[in-house]
Amino acid sequence: MNRRAEGSAHERQAAAYLEERGLKILEYNYRTARGEIDLIARDRDMLVFVEVKYRRDSRMGYPEEAVTPAKQRTIRQVAAAYLSERGGSGGLACRFDVVAVLGDEITWIPDAF
């Protein structure tokens with residue numbers, strides 16, 4: 001399996017995990033020239049932008065550590081483009097979550113940044 005297919009598989013795994021916890025997935029892989037947001041979801045009265053990170057093991061660090069301040073800035077900029085394109089958040093508050101997949105273990109970090 002190539003890296004893109006592996007990444008997509010883990011994004012689907014993360015989406016299923018979030019759906020089991022009551023979130024509704026609205027978009028997969030929203031892209032702009034600035035970057036991409038893996039998942040966009042709704043959690044009751046929140047619009048949630050989700051970054052999914054996967055590591056096979058912790059030798060290269062934990063997946064959530066890869067969501068650096070620079071990556072956070074990019075995600076915020078892409079989220080702003082999404083909101084602008086869609087005419088706003090529909091009155092919903094917004095937050096940024098991370099789903100870290102380490103091997104077979106999933107950690108959901110709501111309001112990560």
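Me: Buried means under 20% relative accessible area, exposed means over 50%, and partly exposed is in between (1.4 Å probe, protein chains only). Is R44 buried or exposed?

Reply: First, this is a predicted model, in which local features need pLDDT of at least 70 and side-chain atom pairs count only at pLDDT 80 or more, while totals for chains, interfaces and linings use all residues. Residues are numbered from 1 along each chain as its sequence is written, and side-chain values use heavy atoms, with hydrogens and water left out. The relative accessible area of R44 is 66%, so R44 is exposed.

Me: Which residue does the side chain of R44 meet in a salt bridge?

Reply: A salt bridge here is a side-chain nitrogen of Lys or Arg within 4 Å of a carboxyl oxygen of Asp or Glu. Side chains of opposite charge can pair when their charged atoms come close. For R44 the N to O distance is 3.4 Å, and the partner is D43.

Me: Is D43 buried or exposed?

Reply: D43 bridges to R44, which is exposed at 66%. The relative accessible area of D43 itself is 6%, so D43 is buried.

Me: How many residues apart in sequence are the parts that D43 and R95 tie together?

Reply: D43 and R95 form a salt bridge, with the closest N and O atoms 2.9 Å apart. D43 sits in strand 2 and R95 in strand 4 (residues 93-102); helices (H or I, at least four residues) and strands (E, at least two) are DSSP runs, numbered from the N terminus. R95 is buried, at 10% relative accessibility. The pair therefore joins parts whose separation in residues is 52.

Me: How many salt bridges does the structure hold?

Reply: One of them joins R21 and E20, where the closest N and O atoms are 3.3 Å apart. R21 is partly exposed at 39%, whereas E20 is exposed at 63%. For the structure, the count of salt bridges is ten.

Me: How far does helix 1 reach from its first C-alpha to its last?

Reply: Helix 1 has 18 residues. The expected span of a helix is 1.5 Å times one less than its number of residues, which for helix 1 gives 26 Å. The model comes close to that, with a reach of 26 Å.

Me: Which residue just after helix 1 takes a positive phi?

Reply: The phi in question is about 100°. The residue is G22.

Me: Which residues is E11 in contact with, leaving aside its neighbours within four places in sequence?

Reply: E11 is in helix 1 and is buried, with a relative accessible area of 10%. E11 and D38 are 27 residues apart in sequence, while their C-alpha atoms are 7.0 Å apart in space. Contact means heavy atoms within 4.5 Å, and for E11 the list is N29, E36, D38, L39 and V52.

Me: Near what value is phi of N29?

Reply: N29 is found in strand 1 and counts as partly exposed, at 22% relative accessibility. Its phi is positive in a residue other than glycine, near 50°.

Me: Near what value is phi of D111?

Reply: D111 is placed in the segment after strand 5 (105-109). D111 is exposed, with a relative accessible area of 53%. Here too phi is positive in a residue other than glycine, near 55°.

Me: Which residues does S89 touch, not counting those up to four places away in sequence?

Reply: S89 lies in the loop between helix 2 (69-86) and strand 4, and S89 is partly exposed at 22%. Its C-alpha is 28 Å from that of A9, a residue 80 positions away along the chain. The residues that S89 touches are L47, L83 and C94.
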